[in-house]
Amino acid sequence: MNFVSLYRKLDSSNSTLDKIEALREHFLNADVEETALAMRLILGQLPPKKAKSAELKALALDQARIPEWLFAEAYSSTGDLAETMALINAVPDAPPFTGSVPEWIKTHLRGADEALSGLREAFSKWDSFSVMVLIKLLTGSLRVGVSRGILIKALAKAYEIPEANIAHVLMGNLKIDASFIGRLKMKDWADPLDFSSPYPFALASPIDGEIEDLGPITDWAIEWKWDGIRGQWIYRNEKVSLWSRGEELISDRFPEFATRSLKFESLVLDGEILAWKPGAKEPSAFALLQTRIARKKVTEADLKKAPARFIAYDCVEKDGVDLRELPFSERRKILEELMPELTASIPAFGISEIQNEESWTSAKASRAGSREKRVEGFILKRKSSPYFHGRKKGDWWKWKIDTMSLDAVMVYAQSGHGKRSNLFTDYTFALRGADDELVPVAKAYSGLDQKEIMELDRWIRAHTKERFGPVRSVEPIQVFELGFEGIADSPRHKSGIALRFPRILRWRRDKPVSEIDRLDAIRELYLKPDIEPVSREELPLFKSANLDV
Amino acid sequence: MPEEAKPNQSELVVLAKDGLYCEAGGFYIDPWGSVETGIITHGHGDHAHIGSQHYYASRSSLGILKTRMGEETPITTLAYGKVIRLGETEVSLHPAGHILGSAQVRIAHAGQVWVVSGDYKRDPDPTCAPFEVVECDTFVTEATFASPVYHWPPIENVVREIHDWWMQNRARGQNSILCAYSLGKVQRVLAELMRFTNEPVHLHGSATRLVQVYRDEGVSMAPTIPVSELDKKEKLKGALIIAPPSASGSTWTRRFEPYEVGFASGWMQIRGNRRRKAYDRGFIVSDHADWPSLLRTIEETKAKRIIATHGSSDILARYVREEMGKEGITFETQFGEEDE
Ligand SMILES: [Zn+2]
Ligand SMILES: [Zn+2]
């Protein structure tokens, strides 16, 4: 039992039950090195890559004896480089690789030459699935389609440890090696938590029924839903660590949240990191905060340009005591009591105010003003709720304002990657510019159902104007309503704007292209003049809206 | 002759408005428009269109064609290999190995031989006659899976996987819904399943008549029970149910809960397709030629010129030109991929 056989099982099924079963079996029966490797890979801890993709590809082309253009075509049908390289070199009836994968990594991830020799051997000996996995290891592109939740369930089943304990052990900076696995198997983790470990975040679910169905408003604490980065601020052993919800340690990027020694033994706060100018009534746009995240090293200039605040929501640990089981209202009282001492030491700290609303009707009216406040709506927390782990429906709700939207016409289409590799599923949309020309503004690839995707795919094939590699330009006919979460000036894009999280809301078959929105009208509608233009280098955030066609 | 087609002398078959047209013979192959005479290569919807006055087809495809095009359709059947005269041409049909009755069309005229393959495969299939190599000057080939990433695993291995999946689901108290195209794929899977079991398989209504047509032609397959014949209240447990892809995600599947859904198709070679969320499992089963089969067949026909149709025809034509040293062009037909 090695990682290749586990990956094959995980990959061959979309059923969660199958995945948990495959993992459980692996954790029980594989040796500790294979087990530790599987866990590291699932958690995204990849071995550093040593080979250049271009060199591996050259070898793959040479072995398969196919021309470059055909490789490009093959790649466009799989959307995956490693898979393409493996499939074009498939040897009929070749067996799977059953050796030790950790050993293979040790030998072949040493350097470029070792990588090439490893691949050459793999091509001639093993089946294309094994080869694909090995290439992904060489190129650092291996992703295991297993969520942390599934991993936790499988570990809990395999080693008979409660899920909550596993979840906690997995937080923080963990070194997953054979000895860690050994301890898990022995159920010996007397003190596995290093002092910086955060708690699993409690997450709110989008509200799905009528707001009135939540019962009396007095059962609920209402807070703004801030549009920043969720984080846990941890003070233990007189040291501060800051974790993002993505479980990244980001303490170094926010020196303003450091503190002198406090009178508490320990403190763990859940809150939102926001870019916020001193004295300003509202936070700055998310775009500005993103400039801080993008930097590993923060300079004085950054701190001045995009100062940050930590707006506290909750207190989950105080003086070495885990408070998660207390009701929200009691945790809130504790939080309010300790804020004065905290803000005295850290001026960048604040508390997320509870909004006093008489009724759901008045709450609705206040929520409508969210956009001016630069928040996304309300978060509702049941006053009796514990600080649960993960996304448990019922206690915490997101009550968001309607998203911004625009009508645009599809101008380019590209075949999808991964799951949708032989269909055109990535679309580029344009608005009308100042001279009536079409200006691409956003790329989006989600929001249509399978039937619409198939139909659109056929339409695209029949209405292609030109091909540029995998991209096709199409006749500007199909109009779509796009939703997005934010908008910012962007000198990098021809349109001058970048949309945040654009997605398709609906296919507007009823609208002719003459009725799409104009770029200047959209700017006027949504782009508040006080958002400062962000310069070129500072825009890594708009990846999802990139227009690289 | 239609206006759109202006062939030079050596073009025995051209692409015309209504389909592939042979002027010297006065007939079309798999016409999509209404014409006088059409030769049908096989019963899939993109090849067998109603609306023409008279058809020729292979003898073993008759049951399928009558089921799909209507009892009244005027069809003259030909045994494989039997040569007839149409206009100034000699025409014969040869097994294509795609589905029951599928045929390649061989046309000889003025010292020239053309073969129009229809859809074909080279992998073994107990439900139809195996592909026959017919030497020719021009070979009109399908190109549905013309990419070097496609090479089919042995069908026996895949059907073993399907059987294992069924048994695993049963052990968990789940049904297994296998989505497969109703004509060809369903019958091939049923026939191959006999290696592993003689348990009955449940069938969606869209395939029951076609399965019967295959049985009438003497094809042996695993026993089947139409779902429509079950008592409405009867709860299936641990059953294998074969249904068309359109049934996946529909309300029809509700009565089989709890279940997993599998999909049998050549597209499942691609990992991204297998992982598409609509299915729990993907099984690589195709009735089309994979990349090695396409190249091997092109070589074996000894044709100097290749005309590609379907799907990735431009890729195959370019490969033929640049890597195989033959003439390679495409016909933009209306043949599709609906049978996968
Ligand atoms: Zn077909
Ligand atoms: Zn076809």
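Reply: Helices, taken as H or I runs of at least four residues, and strands, taken as E runs of at least two, are DSSP runs numbered from the N terminus. In this predicted model, chain A has 19 helices and 19 strands.

Me: At what angle do helix α2 and helix α10 of chain A pack?

Reply: Angles run from 0 to 180 degrees between N-to-C directions. Helix α2 (residues 16-29) of chain A and helix α10 (residues 148-159) of chain A meet at about 45°, and their axes lie 8 Å apart. Because angles from 65 to 115 count as roughly perpendicular and those under 35 as roughly parallel, α2(A) and α10(A) are oblique to each other. Their crossing is right-handed.

Me: Which residues make the contact between α2(A) and α10(A)?

Reply: On α2(A) the contributors include A:Ile20, A:Leu23 and A:Phe27, while among those on α10(A) are A:Leu151, A:Ala154 and A:Leu155. Sorted by class, the contact of α2(A) with α10(A) has ten nonpolar, one polar and four charged residues.

Me: How many disulfides are there over all chains?

Reply: A disulfide requires a pair of cysteine sulfur atoms within 2.5 Å, and by this rule the count over all chains is zero.

Me: Why does A:Cys315 count as buried?

Reply: Buried means under 20% relative accessible area, so A:Cys315, at 0% relative accessibility, counts as buried. B:Cys128 is likewise buried, with a relative accessible area of 12%. Of the 549 residues of chain A, 54% count as buried.

Notes:
Residues numbered from 1 in each chain as written. Chains lettered and ligands numbered in written order. Predicted model: local features only at pLDDT ≥ 70, side-chain atom pairs only at ≥ 80, totals over all residues. Heavy atoms only, no water. Parallel < 35°, antiparallel > 145°, perpendicular 65-115°, else oblique. Left-handed = near helix turned anticlockwise from the far one by under 90°. Contact = heavy atoms within 4.5 Å. Nonpolar A, V, L, I, M, F, W, Y, C, P; charged D, E, K, R; others polar. Buried < 20%, exposed > 50% of the residue type's maximum accessible area, 1.4 Å probe, protein only.
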